[in-house]
Amino acid sequence: MHIEVAHIAPGKPSQNGTDQSFNGRFRDECLSMGWFRSRAEAKVVIAAWRQHYSQARPHSSLGCLTPLEVRRQ
């Protein structure tokens with residue numbers, strides 16, 4: 001397996017739409033919901049959001065199914 005590094009020019013986030021889409025969702029759905037009182041609280045909240053995003057939330061790219069539903073098929 002060969003992995004290449006892709007250079008994204010400064011000020012050109014459109015060159016990596018997938019990452020930008022995820023970063024926007026993460027900011028809007030998790031980080032912007034309130035202030036964290038500690039680093040430990042942030043870790044717990046972010047871990048719960050990540051698990052929901054990766055396993056329980058329907059994804060349009062999967063035909064509006066959750067990743068768990070796709071695995072079961």
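This is a predicted model: local features need pLDDT of at least 70, side-chain atom pairs count only at pLDDT 80 or more; totals for chains, interfaces and linings use all residues.
Contact between residues is taken here to mean heavy atoms within 4.5 Å. The crossing of α1 past α2 is right-handed.

Two salt bridges are present in the structure. One of them links Arg25 and Glu29, with a separation of 3.5 Å between the closest N and O atoms. Both residues belong to helix α1, which spans residues 17-29, and they are four residues apart, or about one turn of the helix. Arg25 has a relative accessibility of 34% and is accordingly classed as partly exposed. Glu29, with a relative accessibility of 33%, is likewise classed as partly exposed, since this class covers values between 20% and 50%.

The other salt bridge is formed by Arg37 and Glu41, whose closest N and O atoms are 3.4 Å apart. Arg37 counts as exposed, with a relative accessibility of 76%, whereas Glu41, at 22%, counts as partly exposed.

The loop between α2 (39-56) and α3 (67-72) includes Thr66. This residue has a relative accessibility of 11% and therefore counts as buried, the limit for that class being under 20%. When residues up to four places away in sequence are not counted, Thr66 touches Gln55, Ala56, Arg57 and Pro58. Of these partners of Thr66, Gln55 and Ala56 fall within the residue range of α2.

Cys64 also lies in the loop between α2 and α3. Its backbone carries a positive phi of about 60°, although Cys64 is not a glycine. Most residues other than glycine have a negative phi. With a relative accessibility of 57%, Cys64 counts as exposed, because the threshold for this class is over 50%. The loop thus contains both Cys64, which is exposed, and Thr66, which is buried.

Notes
Residues are numbered from 1 along each chain as its sequence is written. Side-chain values use heavy atoms; hydrogens and water are left out. A salt bridge is a side-chain nitrogen of Lys or Arg within 4 Å of a carboxyl oxygen of Asp or Glu. Helices (H or I, at least four residues) and strands (E, at least two) are DSSP runs, numbered from the N terminus. Buried means under 20% relative accessible area, exposed over 50%, partly exposed in between (1.4 Å probe, protein chains only). A crossing is left-handed if the near helix is turned anticlockwise from the far one by less than a right angle, and right-handed if clockwise.
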